[in-house]
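This briefing goes through the fold of one protein chain, element by element. The sequence and structure come before the notes.

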Amino acid sequence: MIRKVRRHPVQNEPLLFEISEPGKRAWQLPALDVPETDPAVALGEGHVRREIEGFPEVSEAEAVRHFTRLSTWNYAIDLGLYPLGSCTMKYNPRVNEAAARVEGLAWAHPYQPESLSQGAMEIMAALEQALAEITGMDAVTLQPAAGAHGELTGILLVRAWLASQGNPRKKILVPDSAHGTNPATARMAGYAVENIRSNELGMVDLSVLAAAVNEDVAALMLTNPNTLGVFETEIVRAAEILHAKGAQLYMDGANMNALVGIARPGDFGVDVMHLNLHKTFSTPHGGGGPGSGPVAVRAHLEPFLPLPRLEKTPEGWRFQYDRPQSIGRVKAFYGNFGVMVRALAYILAHGAEGLKAATMDAVLNANYIRKRLEPYYELPHRAPTMHECVFSDQRQARHGVRTMDIAKRLIDYGFHPYTVSFPLIVPGAMMIEPTETESKRELDLFIDALISIAQEAETDPELVRSAPHSTRTARVDEVTAARRPVLRWKPQQQS
Ligand SMILES: *Cc1c(COP(=O)(O)O)cnc(C)c1O
């Protein structure tokens with residue numbers, strides 16, 4: 001039944017404290033050839049650490065091997081497919097890391113004079129221009145540090161623009177398929193949130209939208225393609241409905257991996273949007289940053305962009321602070337520069353044709369998975385998908401096997417789980433985004449694993465329900481583990 005199982009290395013590593021033996025050292029020094037001095041006398045008592053209770057004593061080889069083995073417990077994009085939906089966990093070419101580490105860039109200091117920063121400023125300007133071209137928008141700020149930060153910046157721009165016309169308005173419309181950051185952003189920007197129902201195709205229902213838009217509505221926040229992986233084909237009409245009432249269309253561009261080089265939000269009515277450079281444009285993510293969430297706007301929102309703006313003068317680039325309508329800074333200095341370097345390297349290395357090819361491969365890979373898994377898993381929304389597909393656990397649930405169980409069982413097959421239970425409008429959701437960087441071979445391994453798990457759900461549901469079986473710990477209480485992680489070794493807990 002289980003085919004092509006790839007297991008993690010054995011995970012029976014003891015704590016460093018458990019392999020400790022008194023007197024072991026990871027170093028060896030030559031005999032002292034100067035008079036011995038009491039460090040407390042030489043340095044002062046306050047600078048000397050006497051005894052550390054329970055400090056582990058191991059050899060160099062033991063220390064190196066211990067931490068190297070621990071490092072293999074983590075799943076990483078360098079180990080295999082990372083199919084988290086709405087995340088674009090793609091492989092990031094190493095050459096972009098090399099570009100970000102070029103000495104003059106990696107060591108540039110935000111306080112160094114503009115005359116010494118011309119290269120860095122040129123890179124930022126070139127990236128702004130490339131992103132404006134890719135999105136079809138008029139201007140870009142690189143300052144926000146992540147997607148959610150870009151959302152907040154974008155909605156603050158909308159607010160400032162509306163306020164400049166006399167009324168910032170009260171509400172933001174958010175579809176029921178939206179990422180959780182969208183309603184959170186609206187609240188943080190001082191707006192009430194109103195939910196918009198999706199239709200049976202998983203798209204925004206235009207009649208519901210038209211009924212909801214009035215002079216109190218500041219904007220609709222729409223992800224396109226949305227979190228079902230479905231392209232909102234009626235987005236032009238949605239934009240018209242909003243604009244007719246003076247409201248704005250905000251696009252959550254986290255899923256731009258499905259559009260780059262093919263379709264431009266600026267061409268289908270979007271007023272303001274953010275990009276996730278750490279998703280679409282080649283920066284490793286998942287470890288908590290740094291990221292970058294540039295915001296692209298149409299010309300009417302440009303005067304409100306964060307300070308400073310880059311300006312080209314006959315003497316070179318300079319930072320422009322004299323912008324009375326700006327919403328001000330949203331981040332210290334200029335944003336996460338290293339991420340920008342990677343993004344520009346990625347864009348220039350691909351070129352227009354390469355970016356388009358990457359998008360088409362991402363869509364092809366998702367549809368390949370969708371087609372091959374359709375016989376085994378329920379597909380609740382049948383509209384054609386773009387870069388990700390969303391199944392549900394409906395068929396497996398009849399055997400008491402839920403999306404979380406299937407995800408945990410994938411770990412035994414050597415894969416990172418897909419996104420579990422999101423989007424919320426699909427009960428038991430299994431959201432899969434393969435990205436363009438996966439080969440057919442890797443996709444087939446993943447698909448075979450999921451087919452095998454679907455069969456296990458019928459023949460041996462308990463096996464799936466109790467997974468994972470190949471890891472050191474099986475299922476932890478995820479809320480407690482996240483909120484109260486046990487990171488410190490306590491001597492009294494040693495048995
Ligand atoms: C990832 C994501 C975000 C948030 O981006 P962060 O960089 O994690 O803040 C917002 N919306 C969607 C649809 C996303 O997938």
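Predicted model: local features only at pLDDT ≥ 70, side-chain atom pairs only at ≥ 80, totals over all residues.

Strands pair here if DSSP finds at least two bridges between them; helices (H or I, at least four residues) and strands (E, at least two) are DSSP runs numbered from the N terminus.

- Thr419 has Met431 of strand 12 as its bridge partner.
- Helix 12 (residues 337-373) packs on this sheet and touches strand 10 and strand 12, where contact means heavy atoms within 4.5 Å. The direction of helix 12 makes about 25° with that of strand 10; axes are lines fitted to C-alpha atoms, for helices over the stretch in contact, and angles run from 0 to 180 degrees between N-to-C directions.
- The sheet is open, has three strands in the order 10-12-11, and its pairing is antiparallel.
- Strand 10 (389-392) and strand 11 (419-420) are the edge strands, each pairing on one side only.

- A second open sheet has seven strands in the order 1-7-6-5-4-2-3, with mixed pairing. Its edge strands, strand 1 (139-141) and strand 3 (192-196), each pair on one side only. On average, neighbouring strands of this sheet are turned by 25° against each other, direction ignored.
- Strands of a sheet pair through backbone hydrogen bonds, either parallel or antiparallel.
- Strand 2 (residues 171-175) pairs with strand 4 (residues 217-223) in the parallel sense over three bridges, and Leu220 in strand 4 is the bridge partner of Leu173.
- Strand 5 and strand 6 run parallel and are joined by four bridges; Gly253 has Leu275 of strand 6 as its bridge partner.
- Three bridges pair strand 6 with strand 7 in the antiparallel sense, and Ala296 in strand 7 is the bridge partner of Met273.
- From strand 6, Val272 and His274 point one way, Met273 and Leu275 point the other way, and all are buried. Buried means under 20% relative accessible area, exposed over 50%, and partly exposed in between (1.4 Å probe, protein chains only). In a regular strand, side chains alternate between the two faces of the sheet.

- Helix 7 (residues 147-164) lies across strand 2, strand 4, strand 5 (248-253), strand 6 (272-275) and strand 7 (295-297), and runs at about 170° to strand 5.
- Helix 8 (residues 181-188) lies across strand 2, strand 3, strand 4 and strand 5, at about 150° to strand 3.

**His149**

- His149 lies in helix 7. Why is His149 counted as partly exposed? Because its relative accessible area is 21%.
- Leaving out residues up to four places away in sequence, His149 touches Pro144, Val330 and Lys331.
- Ser292 is 143 residues from His149 in sequence, and the two are 8.7 Å apart in space, C-alpha to C-alpha.

**The whole chain**

- The secondary structure comes to 17 helices and 12 strands.
- The C-alpha atoms fill a box of roughly 80 × 70 × 40 Å along the principal axes.
- Of the 495 residues, 50% count as buried.
- Among contacts between residues at least 6 apart in sequence, 70% join residues at least 24 apart.

**Reading the values**

- Residues are numbered from 1 along each chain as its sequence is written, and side-chain values use heavy atoms, with hydrogens and water left out.
- Local features need pLDDT of at least 70 and side-chain atom pairs count only at pLDDT 80 or more, whereas totals for chains, interfaces and linings use all residues.
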